[in-house]
Amino acid sequence: MKVAVVGATGLVGSKMLEVLQERNFPVTELLPVASCRSWGKTVLFHGKPWTVISADEAIAQGPVLAIFSAGGAVSAELAPRFAENGCYVVDNSSYWRMDPSVPLVVPEINADVLKADDHIIANPNCSTIQMVLPLAPLHKKYGIKRIVVSTYQSVTGAGQRGIEQLEAERAGGSGTKFPHRIDMNVLPHIDSFLPDGYTKEEMKMVNETRKILRDPSIAVSATTVRVPVEGGHSESINIEFSRPYDLAEARQLMADMPGVVIQDDPANNVYPMPLYAWGKDDVFVGRIRRDPSVENGLNLWCVSDNIRKGAATNAVQIAQVLLAKGWLG
């Protein structure tokens, strides 16, 4: 199968290549695409070097699948060009996510929304993916009325430049990715601010959660924060249900959800941490406890590797669904 990876030399694009290899996706010809700065360079895939090419060259070769991680402007321009030739595009940018004609998919939750003529498919925001995965079975059982979430997001979410700034500051230097120092600091600022004081990242969590869970009535309040870690994103999530719930049952519903691992033994200091989520595809949930301040309230702590399940792995899982349906030939 001829597969293009657009943004193949970036942090997420490189991880997409890794996950495609790990999952033995049937790639017979790889078309790595990047900006002109990378043309002619090579990337390794299954131990073989593949030359980085332009998008025009890739489109001309007729891939059946293209996985994008190259930013919204690139996706806006190039995704339709790949799709018009019959190629399925799985896009990791935010550009297509809220388009009502484009499915926004976390395969464990809503793969059923996919149709054979959906040639552009959106990969959700990393923070949204890890939140909705444990919440989906709870919403189905009890009905989620309101979510209040605060995130603690790794510098990896800002790409290679985010990592470079943190490492440079720790070595006594500086960087330009963040508006302030990130080492020994916490920035309540991810993406640009909107007129109402929220950031685009926060509103992604609001709108994407409603779309994925197929319930526009869910109230979501998000505060997204950058922290000086590299392992993954963490989230403090407070949920208010429409109906009474049983704590043990809620815990079991999350444990039974594919891709969710419960780590919740506080007496023995067992709870999810980004250091140990790094390099794994699961979403880890702990600190599960009733919120006595509100009727039908639940608190939990959620951690996941944002570059894997939050981006590359989820995209490849979508491709695996397309393959299983026989749409990729």
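This is a predicted model: local features need pLDDT of at least 70, side-chain atom pairs count only at pLDDT 80 or more; totals for chains, interfaces and linings use all residues.
Two strands count as paired when DSSP finds at least two bridges between them.

**The hairpin.** Strands S3 and S4 run antiparallel and are joined by four bridges. Leucine 44 has proline 49 in S4 as its bridge partner. Two residues lie between the strands of this hairpin, and histidine 46 takes a positive phi there, near 55 degrees.

**The sheet.** Five strands form an open sheet with parallel pairing, in the order S2-S1-S5-S6-S7. Strands S2 (29–33) and S7 (120–122) stand at the edges with a single partner strand each, so one side of each has no neighbour in the sheet. On average, neighbouring strands here are turned by 15 degrees against each other, direction ignored.

| Strand pair | Direction | Bridges | Facing residues |
|---|---|---|---|
| S6 (residues 88–91) and S7 | parallel | three | Valine 90 and isoleucine 121 |
| S3 (residues 42–45) and S4 (residues 48–51) | antiparallel | four | Leucine 44 and proline 49 |

Helix H3 (residues 72–83) packs on the five-stranded sheet. H3 touches S1 (2–6), S5 (65–68), S6 and S7, and its direction makes about 175 degrees with that of S5.

**A helix pair.** How do H5 and H7 pack? Helix H5 (residues 126–142) meets helix H7 (residues 200–212) at an angle of about 45 degrees, with the axes 9 Å apart. That angle makes H5 oblique to H7, and the crossing is right-handed. H5 contributes Ser127, Thr128, Met131 and Val132 to the contact, while H7 brings residues including Lys204, Met205 and Ile212. By class, this contact has four nonpolar, three polar and three charged residues.

Technical notes
Residues are numbered from 1 along each chain as its sequence is written. Side-chain values use heavy atoms; hydrogens and water are left out. Axes are lines fitted to C-alpha atoms, for helices over the stretch in contact, and angles run from 0 to 180 degrees between N-to-C directions. Contact means heavy atoms within 4.5 Å. Angles under 35 degrees count as roughly parallel, over 145 as roughly antiparallel, 65 to 115 as roughly perpendicular and the rest as oblique. A crossing is left-handed if the near helix is turned anticlockwise from the far one by less than a right angle, and right-handed if clockwise. Ala, Val, Leu, Ile, Met, Phe, Trp, Tyr, Cys and Pro count as nonpolar, Asp, Glu, Lys and Arg as charged, and the others, Gly among them, as polar.
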